[in-house]
Amino acid sequence: MNAIAPALAAASGLAAAGSAAGLVSPERLRPALVGVCTAGVGAAGLAAGGAALGGQRWSASLPDLLPLAGVHLALDALSGLFTAVSGGVIVVAAVYGIGYSRQGPAGRGVQAVLPLFAWTLVMVPAGAAVSTFLLLWELMAASSLLLVVAEHRKRAAVREAGVWYAVMTHLGLVCLLIALVLFAARAGGETFPALRAASDTLSPAVRGTVFVLALAGFGSKADMVPLHAWLPRAYPEAPSHVSALMSAAMANLGAYGLIRTAFDLLGGGPRWWGLLAVALGAVTAVYGIVQAAVATDLKCLLAYSTSENLGLVLIGIGAALLFDAGGNCALAALALVAALLHVVNHAAFKALLFGAAGSVVRATGTRDLDALGGLRPRMPVTTALFAVGALGAIALPPGNGFISEWLLLQSLIHGLAAPGVATAVMLPVAIAAIALSAGLAAAAFVKALGVGFFARPRSAAAARAHESPPTMLAGAGLSAAACVALALVPGVLADGLGRAAAAAGLRGAGPTGGAGAAGGGPIGGGELRLRLTELSGRLAPLWIAAALVAAVAAVLLLVRALARGPRRTGAPLWACGAGAPTARMEYTATSFAEPLQRVFDDVLAPEQDVDVTPVRESAYLVERVRYQHRVPDRIEHRLYQPLLRLLARAGRAGRRLADGSVHRYLGYGFTTLVAVLLALVVTR
Amino acid sequence: MDLLRKIREIGRVAEPAPPHPEGEVPPSARELHGSAQVRHVDAGSCNGCEIEIGGAFGPVYDAERYGARLVASPRHADVLLVTGPVTRNMAEPLRRTHRAVPEPKVVVAVGDCAMNCGLLAGAYGVAGAVADIVPVDLEVPGCPPEPAAIVAALRRVTGR
Amino acid sequence: MNPVGTVAVVAQVVLACAGAPWLAGLMRQVRARLEGRVGAGPGQPWRDLRKLLHKQPVTATGTGPAFRAAPLVVVATAVVAAALVPLVSTRTPVSGDADLIVVVALLALGTVSLALAGLDTGTAFGGMGASREMTVAALVEPTLLMSVFALSIPADSTNLAAIVTGAVHDPARLATPTGLLAAVALVAVTLAETGRLPVDNPSTHLELTMIHEAMVLEYSGPDLALIELGAQLRLTVLLGLLASLFTPWGIATGTGAAALVLALVVVTVKVALLGALLAAAEVFLAKIRLFRVPELLAGSFLLALLAVAASYFLTGE
């Protein structure tokens with residue numbers, strides 16, 4: 001019994017119903033109806049993806065649905081994994097969105113687009129032909145753009161973010177279009193099976209071009225440096241459940257596209273593909289997390305952290321390409337499985353974090369960490385949820401992020417056997433990048449949690465905060481449960497991940513059933529432990545968590561039993577004998593990040609500006625000192641601004657060519673015609 | 001290497017420990033069992049007593065060998081070492097510091113000024129002796145007291 | 001399940017917990033003697049802990065669960081790490097799960113919880129300590145993992161028991177450039193992780209120069225006892241880790257009970273010697289400025305990177 005087709009059909013039906021409900025239902029009911037339908041889309045996606053991960057396959061060809069090309073859909077374990085992740089994130093975001101939209105983006109257009117966006121997130125991995133895939137991809141981009149600009153009437157920054165996002169995502173689309181169309185043209189067919197069959201016959205130059213363009217196109221969606229410029233604008237400005245969808249589901253699809261193209265369709269490539277991907281991944285991870293560590297905007301911090309995590313995924317993909325090129329299939333499969341597991345983990349904790357951040361924004365009206373604080377007594381559940389997500393994000397046990405990073409490190413550490421000096425240089429650098437990003441992620445999330453939620457409120461808005469409605473908490477709670485499950489029993493995913501890696505075309509990656517009861521995937525060992533099947537190494541996340549809990553309980557009991565002093569008492573904070581410290585004496589996010597910012601001075605190039613205004617009578621008496629400090633995104637500053645200036649100048653120069661004179665336009669036409677004719681004469 | 005040679009040449013600087021001082025032990029000090037963390041509060045002293053306290057914790061008198069140690073926060077402390085007459089500006093901070101020290105706690109007033117305002121009794125800025133502000137358990141007379149006297153008082157607290 | 005292995009785990013946890021204050025006392029005593037003082041004796045930290053248990057715990061107003069839980073988490077992570085590190089035996093029930101990366105990450109979890117507690121108080125010093133501690137911790141991480149990488153190459157595993165067993169059977173791999181460079185890098189990292197000179201001065205009273213101390217200024221009584229025990233335990237575990245990795249002799253690799261007793265004695269002596277050496281070295285060092293610390297860590301990272309490169313190029317592949 002194949003469950004995939006009915007599940008996808010249900011997703012499509014529910015998406016249509018949700019869009020219709022968004023258009024016609026009364027405003028009071030709208031968020032709930034749309035939310036329920038969208039959650040249904042997600043649940044259907046989860047079911048379809050789960051079935052595909054369980055080993056089912058499905059493909060369909062609907063030649064009459066679209067003119068010329070028709071529609072080709074297929075779901076194997078690899079696409080199933082991403083469909084399932086998208087589905088899970090959609091359920092979370094939809095439930096969360098019911099409460100969030102009540103006082104936020106409840107407009108007709110936004111609510112109608114949300115189910116459509118959710119549907120494309122589920123369906124993009126199912127696209128099995130170039131035209132179908134690109135169509136779904138563009139639908140996804142366009143619907144997400146509409147959602148990003150949902151609040152454009154409230155803040156001007158939203159419009160700017162929308163323009164950036166629109167331009168960047170379409171530049172990415174152009175890259176993809178060129179890559180896939182070139183591939184299809186050379187392969188002589190546009191369905192994925194045709195591409196797969198023809199990939200061996202292509203020249204290395206064509207394959208290399210396709211790979212680089214696909215890396216750029218998919219990388220721009222997966223927040224890869226230097227194509228990430230849209231992300232620190234779009235994620236923070238979008239409504240929070242949309243941010244969650246974009247960060248935890250849409251960005252993954254960039255990784256999906258890259259895996260699909262590089263492994264499945266192109267069948268792996270030379271070593272430099274892997275090195276390029278690892279290098280870009282390392283740069284993305286470190287740059288993203290350095291920016292996150294010094295960010296003072298809560299959602300901006302999360303956005304940059306997305307960049308970091310997708311960078312880690314990219315390192316995994318690159319390492320898999322590298323090992324595959326070296327002929328080490330087991331290691332390649334392990335690296336790819338680590339990358340896929342990190343996709344799952346990142347989706348779980350990032351949906352949670354954006355949800356909690358959205359609750360904060362809704363309760364206080366600000367995203368500025370320097371103005372937050374003191375939320376723990378006011379929003380206890382949100383604080384606890386954010387803490388669970390942060391534990392996942394800092395990649396320390398017993399969080400879920402640790403497990404995938406451990407797998408990634410294992411694959412890289414064992415990868416030194418792969419030949420080549422470039423590999424020997426790149427792998428240690430990649431490990432250092434992962435380690436540095438893990439350390440800085442700890443600093444970034446300690447800052448977000450400690451400054452944003454703990455201590456005392458730093459502004460009146462934070463002091464007035466109150467807990468969110470139950471639907472928002474339930475949505476975030478669902479992803480918190482997913483985080484905990486992924487952290488404690490990641491072993492349940494081992495077989496599915498192995499199948500997904502096998503579906504990507506890595507030989508010897510899938511469960512063959514021959515290597516013991518646990519299956520022959522790169523990781524196995526039942527639900528309680530993760531064991532590397534080809535290498536020595538295992539991890540027991542459940543036992544570590546249990547040991548930690550037991551140790552905490554034992555220490556607590558021991559201290560209770562041994563303590564002889566008077567009972568615990570409360571006392572005002574110690575402020576060196578002065579009265580109670582005020583909120584202005586607290587460390588802020590800016591001051592917390594100051595040492596890191598000084599350490600990474602050369603990377604970040606912060607701008608500071610001191611403006612001293614003397615009084616009129618004397619230059620020595622100062623009336624006012626203004627100090628301004630800003631950490632701009634350096635890549636945006638150095639790469640995009642000059643480019644934009646150049647474009648603007650070219651545009652102004654071009655305006656002189658088109659001055660409205662008909663004679664001149666006729667002259668252009670004549671000159672061009674003559675030039676073309678001359679060219680024809682010369683070349684023939 | 002230079003430092004190594006000096007360490008070898010100089011050897012032990014600390015004077016041999018005098019016999020255990022006589023005198024009653026404050027009741028709250030009985031629970032300290034040979035360990036006393038000390039927080040020093042300068043409530044308005046001329047810094048004469050501070051120099052002597054520095055001497056008491058220096059290598060020659062080495063108060064640390066009896067289990068006393070200076071700490072950075074009153075929350076960590078068992079003993080408040082208060083010097084000087086308590087000035088008006090320091091009266092409230094001294095009370096706060098005293099409140100910040102967890103039970104059981106011992107207050108040692110060091111120097112004549114701390115005991116009875118000494119030279120500065122009746123001066124305009126003085127709020128009173130230490131005992132007028134917080135309960136005092138032990139007093140060390142002298143203007144300034146010798147380091148040996150301070151060490152003796154601390155030994156009565158630590159019981160070593 | 002071999003009973004001796006279980007005994008070994010229990011024995012090394014108990015030994016680490018009981019010995020950690022003695023180690024701290026020993027180090028203070030060595031330092032005191034070198035400074036010409038008499039010193040309070042190696043038992044003083046135990047007396048301090050006993051005293052602290054008799055004191056009243058104080059919860060500062062406005063603090064929450066993060067502040068209350070941090071001392072417990074610090075000690076618990078260090079205890080679990082102490083159980084995982086093969087201090088006395090490589091054949092224990094947990095040795096299969098004793099991954100070097102896990103041990104490193106567990107200790108980092110203690111750091112993170114303490115930093116959160118520092119921020120939870122909302123005092124200027126708490127935030128300052130947390131900020132500095134996280135900065136140092138973030139920069140330590142690459143060196144740590146690079147050393148892990150270098151050490152795992154000969155054993156082809158990051159499992160601690162595998163690394164130690166391999167080194168016992170083939171001591172020559174410790175004397176290679178890889179082993180020596182990794183040892184130096186790991187020592188530098190240990191200093192930074194445990195807040196010793198020249199990164200942090202554990203006996204400073206000046207708040208502005210503090211890193212670790214600044215975060216714990218609000219703790220008192222049994223909470224403070226746990227914090228101090230946690231810090232001592234971390235130092236013990238990390239020194240024990242160094243001893244196990246670079247002088248693995250004496251660690252029981254079989255299941256004999258006699259070897260276990262011998263191993264307990266040997267590991268005590270090794271860690272005590274290392275601690276005394278560290279304390280003696282600290283007399284010659286001054287604390288460096290916070291913004292010079294990255295230079296120290298970058299230097300040790302370079303050494304670790306060289307260790308990896310050496311293992312790659314010198315094995316002639």
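**Exercise 1. What radius of gyration would a compact globule with 160 residues have, and what value does chain B have?**

This is a predicted model, in which local features need pLDDT of at least 70 and side-chain atom pairs count only at pLDDT 80 or more, while totals for chains, interfaces and linings use all residues. Residues are numbered from 1 along each chain as its sequence is written, and chains are lettered from A and ligands numbered from 1 in the order in which they are written.

Step 1. The radius of gyration is taken over C-alpha atoms, and the globule rule is 2.2 Å times the number of residues to the power 0.38.

Step 2. For 160 residues the rule gives a value near 15 Å; chain B has 16 Å, which agrees.

Step 3. The C-alpha trace of chain B spans about 55 × 30 × 30 Å along its principal axes.

**Exercise 2. State how many helices and strands chain B has, and their order.**

Step 1. Helices (H or I, at least four residues) and strands (E, at least two) are DSSP runs, numbered from the N terminus.

Step 2. Chain B has six helices and seven strands, in the sequence pattern α-β-α-β-β-β-α-β-α-β-α-β-α.

**Exercise 3. Describe the side of chain A that touches chain C.**

Step 1. Two residues are in contact if their C-beta atoms, placed from the backbone, lie within 7 Å. By this rule, 66 residues of chain A are in contact with 72 residues of chain C.

Step 2. The most residues on this side of chain A, 15, come from α17(A).

Step 3. Ala, Val, Leu, Ile, Met, Phe, Trp, Tyr, Cys and Pro count as nonpolar, Asp, Glu, Lys and Arg as charged, and the others, Gly among them, as polar. This side of chain A divides into 49 nonpolar, 10 polar and seven charged residues.
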